[in-house]
Amino acid sequence: MKLKKAMIVFGTVCILSTMITGCGSGSESAAKTEEIQISEVLSEDSNSASKEIDGDTEEPQENAESRWQVLEPDVAAAVDADFLGKVWKIEEDSFFIAEKKVKILDDGSLSYSSPSSNADLPDTQLIHVVFEEDTRFYLKDTDENEEGHGNIEAGFQDLKEQMSVEMKGSFKNDEFHAAEIRFF
């Protein structure tokens with residue numbers, strides 16, 4: 001299969017070269033343009049052939065900069081947060097979370113899902129959360145299933161592993177930069 005493609009591409013190059021030479025204009029830039037186009041085709045064919053051989057057909061990522069994205073606007077408005085997670089590891093001045101997914105159901109209610117506390121997640125599935133001195137921390141006095149929005153001012157030292165967090169902020173280079181963190 002690979003040999004057949006190579007023969008077809010080689011034959012096409014030969015025919016195009018003959019046509020360019022025989023047309024009489026002799027424009028060197030036209031010949032170089034054709035060569036560039038042909039080399040692009042060759043590189044695309046070799047890339048697709050290597051993907052076929054590996055059996056790995058990766059789809060292009062929507063945002064190559066960051067693999068994590070803030071919540072969709074309608075979901076973010078419903079939960080009053082840009083991203084949700086479950087605290088997995090705490091370091092001296094930052095922490096790591098596992099993503100907590102939320103969907104709006106047909107009846108308008110919210111459905112949450114997060115990894116089990118017993119799950120063994122690799123570090124590649126954890127999101128690094130960083131914050132500045134002016135980041136606001138709040139301890140919620142209710143959980144996500146109850147009505148009420150009472151928040152008590154808190155600090156980073158009040159955060160514990162396995163707590164749920166609702167955060168406002170944005171992603172930069174696969175890190176979430178938090179402006180506000182509410183946890184319960």
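In the predicted model, Glu180 is buried, with a relative accessible area of 11%. Salt bridges with shared partners join Glu180 to Asp80, Arg136, Lys140, Glu166, Lys168 and Arg182 in one network. The side chain of Glu180 meets that of Arg182 in a salt bridge with an N to O distance of 2.7 Å. The two side chains are also joined by a polar contact of 2.7 Å. A search of the whole structure returns eight salt bridges.

The protein chain has 184 residues, of which 28% count as buried. Its secondary structure consists of three helices and eight strands. Read from the N terminus, the order of the elements is α-α-α-β-β-β-β-β-β-β-β. Among the contacts of the protein chain with a separation of 6 or more, 61% are between residues 24 or more positions apart.

Arg182 is found in strand β8. Its relative accessible area is 4%, and the residue is therefore buried, the limit being under 20%. With residues up to four places away in sequence left out, Arg182 touches Val79, Asp80, Ala81, Tyr138, Lys140, Asn151, Ser164, Val165, Glu166 and Lys168.

Asp80 lies in the loop between α3 (73–79) and β1 (83–90), and Arg182 in strand β8 (residues 175–183), so the pair ties together parts that are 102 residues apart in sequence. The side chain of Arg182 also reaches the backbone oxygen of Asp80, at 2.5 Å. The two partners fall into separate accessibility classes: Asp80 is partly exposed, with a relative accessible area of 41%, whereas Arg182 is buried at 4%. The backbone of Asp80 has a positive phi of about 55 degrees, although the residue is not a glycine.

Another salt bridge is formed by the side chains of Lys140 and Glu166, at 3.0 Å from N to O. Lys140 counts as buried at 13% relative accessibility. Glu166 is likewise buried, with a relative accessible area of 5%.

The side chain of His128 makes a polar contact of 2.9 Å with the side chain of Glu175. Apart from residues up to four places away in sequence, His128 touches Glu91, Ser94, Phe95, Phe96, Asp174, Glu175 and Phe176.

A positive phi of about 55 degrees is found at Asn173 as well, and this residue is not a glycine. Asn173 lies in the loop between β7 and β8. At 67% relative accessibility, Asn173 counts as exposed. Asp80, for which a phi of about 55 degrees was noted above, is in the loop between α3 and β1 and is partly exposed, with a relative accessible area of 41%.

By residue class, the lining of the second largest pocket comprises six nonpolar, one polar and six charged residues.

Conventions. Residues are numbered from 1 along each chain as its sequence is written. This is a predicted model: local features need pLDDT of at least 70, side-chain atom pairs count only at pLDDT 80 or more; totals for chains, interfaces and linings use all residues. Side-chain values use heavy atoms; hydrogens and water are left out. A salt bridge is a side-chain nitrogen of Lys or Arg within 4 Å of a carboxyl oxygen of Asp or Glu. Helices (H or I, at least four residues) and strands (E, at least two) are DSSP runs, numbered from the N terminus. Buried means under 20% relative accessible area, exposed over 50%, partly exposed in between (1.4 Å probe, protein chains only). A polar contact is a pair of N or O atoms within 3.5 Å; within protein, one must be able to donate a hydrogen and the other to accept it, and residues adjacent in sequence count only if both atoms are side-chain atoms. Contact means heavy atoms within 4.5 Å. Ala, Val, Leu, Ile, Met, Phe, Trp, Tyr, Cys and Pro count as nonpolar, Asp, Glu, Lys and Arg as charged, and the others, Gly among them, as polar.
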